[in-house]
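Here are some notes for your read-through.

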Amino acid sequence: MRHFETDPPPNEHRVVGQAVAHDSALLHVSGRAHYVDDRVEPANCLHAYPVLSTIAAGALVSIDASQALALAGVIRLITAADIPGRHDIGPVFPGDPLLVETEIRYHGQPILLVIAQTYDLARRAAQLVKLEYQTAVPLLDIHQALQDQSFVRPPHRIARGDVDAALSLAPHRLSGQLHLGGQEHFYLEGQVALAIPQDDGAIHLHCSTQHPTEVQHLTAQVLAKPMHAVTVEMRRMGGGFGGKETQAAQWAVLAALAATLTGRAVKIRLARSDDFRITGKRHPFFNTYEVGFDAEGRVSAADIVVNGHCGHSPDLSDAIVDRAMFHADNAYFYDQVRIVGNRCLSNTASNTAFRGFGGPQGMIVAEALMDDIARALGKDPLAVRRANLYQPGRQTTPYGQQVTQFVVAEMIDRLAHDAQYDTRRAAITAFNRNSPIIKRGLALTPVKFGISFTAQHLNQAGALVHVYNDGSIHLNHGGTEMGQGLNTKVAQIVAQVFGVSLDRVAISATRTDKVPNTSPTAASAGTDLNGMAALDAATKIKDRLLDFVAERYHAARDDIEFGADRVTYPGGELSFAELANLAYLQRISLSANGFYATPKIHYDRELGTGRPFFYFSHGVALSEVEIDILTGESSVTQVDLLHDVGHSINPALDIGQIEGGFIQGMGWLTNEELRWNDQGALLSAGPATYKIPAIGDTPTRFSVQLYESANPEVTVFRSKAVGEPPFMLANSVWCALRDALASLTDYRYAPPLDPPATPEKILQAVTVARHWQKQNQQEPRDD
């Protein structure tokens, strides 16, 4: 019988549940943490740099590399003609050529690779290559793509009931639209890879990637080698946020190709400005909605269309737009509903995964609906949100999954009470009536976020655990550490199983030759998947040790306890190290592979129904903001967050993820603005023209509380994912900005405000609100 621990551990010897520091925290702050670019370069290491297209659409006519090749130290050029195997590295669907053959699809597309003795020389030589094009008119506008039906993948639809009839019968109805901006990942460590050829013709790759197996798979196909000839190693990333799920592969594959063709180690590192230009972003979206509702604000019908701005190729857009569709309800029940998702093509870099993976772009529609309904009815938006929450009897999502955990209402009540929502609402209303320039806004919004990869086969993980005969433990798993603390959490899980202190467990770099066929570290499922796989491996070894102790000391298994680095049994005890050595001497295997596959999930794409998520994570956020209606400047003055993490494996790491996710979401909604010119060139290609939140943008008061409740599904120690859901808590900031603007109309109307809500857009919204107020003059309401 397996002794499989999935419930929270007892209070005695509790490693899981403790606020343990990140395993690399001291290395991070002291600058001693090694990343790919910090590795000592092998002897005779070469450097590569791409030559990039300077047009967004057209065809390559000729290449003149004579000036580049004339530079001393330039070794050679690599073009598409030099690729021995597969040319297309599309992660799911084709459409991503490694190097341009003829067709050019976006500004900044890699055309060829320069190999030189130094990094600076490779970059300088790349700039000397002259390209001749036949240009075409680029498709850059999402409305044009919709009109032309230019899609990278077919549209998808989910529906329930007769939406058109329900809309026609609704006592009230309204419509709206939202243009949502994209977002640059701005990881601190840029795209980088080092390829080292081996003496047997194999390749060893060090690269900053969230998906080592995909890099291994694509490299093998491009080189026309078996996967066992490619080993990918990744110790830590300096941030990923989804930008290294698929789009780290190109640079690793190119480095491996160059290493194979030259027989020498080759390193590629993109300059920050080129990293901005070449790599995809969070998908911009254009969404429309029409909603019918009753006098209480309860939604009877919703017709929603989400249009993802995908770029030139599919990349992960199918799944991203799907998730936007799955989250267009957020925490609210729509009785009759139709949701359509389009994947629009454009001549830009292919947009890709980003924290939330389409969820934020869908979820914000639900919050826009709630705010618009409240203004139309003259109600507090929080009252309308409460009226529409999922509850028993109103618990089926538009895609047919049953909501079984109804904690959002209680979380809203708790946060509203603790953060004094009613008192602050009255005070802000009074303040705005007497403040002609500065306006304040307040909003409390929920999050219900589905946890699992929407591609079913990715919901699996493996792990490898060794117990050495001195009692120390080695752990390896298929997840990647990008600063989120995954390795620390998984180590805590293993330490808990064996009843040992955390310092006994060491974690090595993620390697494809240790744990094969891994999934990306994404979808907030890193701990769910890899933690369960490590739990499985450790439990297998523990079972062998239990059997050994039971037989050797004539004890019942249930009477044997592991804890505090010791193993006790009736009449005696051993240190864990003594037990490990005894087991080794008795030829007991102290190594095990673990595996986990998420149960219960399924989705029928033809019917648009199923259970794509294993469970939901929840959160609620209360944000207070100020805007200056003369300048459009805004600030977030106070934030209170309550987030559902199940039984937290590490509260300190979870709180850090909640804080970071919220701030990153706030940046997307307020000041991170991507701009392209009419030729498809990215203009906001660095921190001088693209503003991420700084320390000064942190709310003056920032309170984060964990909502502890056991996950109703069997996850590792009943914990819940925490990577992505907090990002969408920042919706409260956008809603609070609209609330401040609504004060200009006595809260009867909130003008449109397309994220990011830059000062310019806020000023435009002020003008719209004043015009509306002038057209609809009436006595101010008492509330």
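Predicted model: local features only at pLDDT ≥ 70, side-chain atom pairs only at ≥ 80, totals over all residues.

1. Phe326 and Phe613 are both buried. They form an edge-to-face aromatic pair, with 5.7 Å centre to centre and 90° between the planes.

2. Look at where these two rings sit. Phe326 belongs to helix H9 (residues 317–326), while Phe613 is in the loop between strand S26 (609–611) and strand S27 (615–628), so the pair ties together parts 287 residues apart in sequence.

3. Phe613 has another partner, Tyr399. That pair is edge-to-face too: 6.0 Å centre to centre, 80° between the planes. Tyr399 lies in the loop between helix H11 (381–388) and helix H12 (408–418), and the pair links distant parts of the chain, 214 residues apart.

4. Is Tyr399 buried or exposed? Its relative accessibility is 0%, so Tyr399 counts as buried. Phe613 is also at 0% relative accessible area, and therefore buried.

5. Which residues make up the aromatic cluster? Phe326, Tyr399, Tyr603, Phe613 and Phe616 form one cluster. The model's count of aromatic pairs comes to 15.

6. Now the helices. The axes of H6 (residues 212–223) and H7 (residues 249–262) come within 9 Å and cross at roughly 40°. That angle makes H6 oblique to H7. The crossing is right-handed.

7. What meets what between H6 and H7? From H6 come Val215, Leu218, Thr219, Val222 and Leu223. On the H7 side they meet Ala249, Ala252, Val253, Ala256, Leu257 and Thr260. By class, the H6 contact with H7 has nine nonpolar residues, two polar and no charged ones.

Terms used. Residues numbered from 1 in each chain as written. Heavy atoms only, no water. Axes fitted to C-alpha atoms, helices over the stretch in contact; angles between N-to-C directions. Helix = DSSP H or I, 4+ residues; strand = E, 2+ residues; numbered from the N terminus. Parallel < 35°, antiparallel > 145°, perpendicular 65-115°, else oblique. Left-handed = near helix turned anticlockwise from the far one by under 90°. Contact = heavy atoms within 4.5 Å. Nonpolar A, V, L, I, M, F, W, Y, C, P; charged D, E, K, R; others polar. Phe/Tyr/Trp six-rings, centres within 6.5 Å; stacked < 30°, edge-to-face > 60°. Buried < 20%, exposed > 50% of the residue type's maximum accessible area, 1.4 Å probe, protein only.
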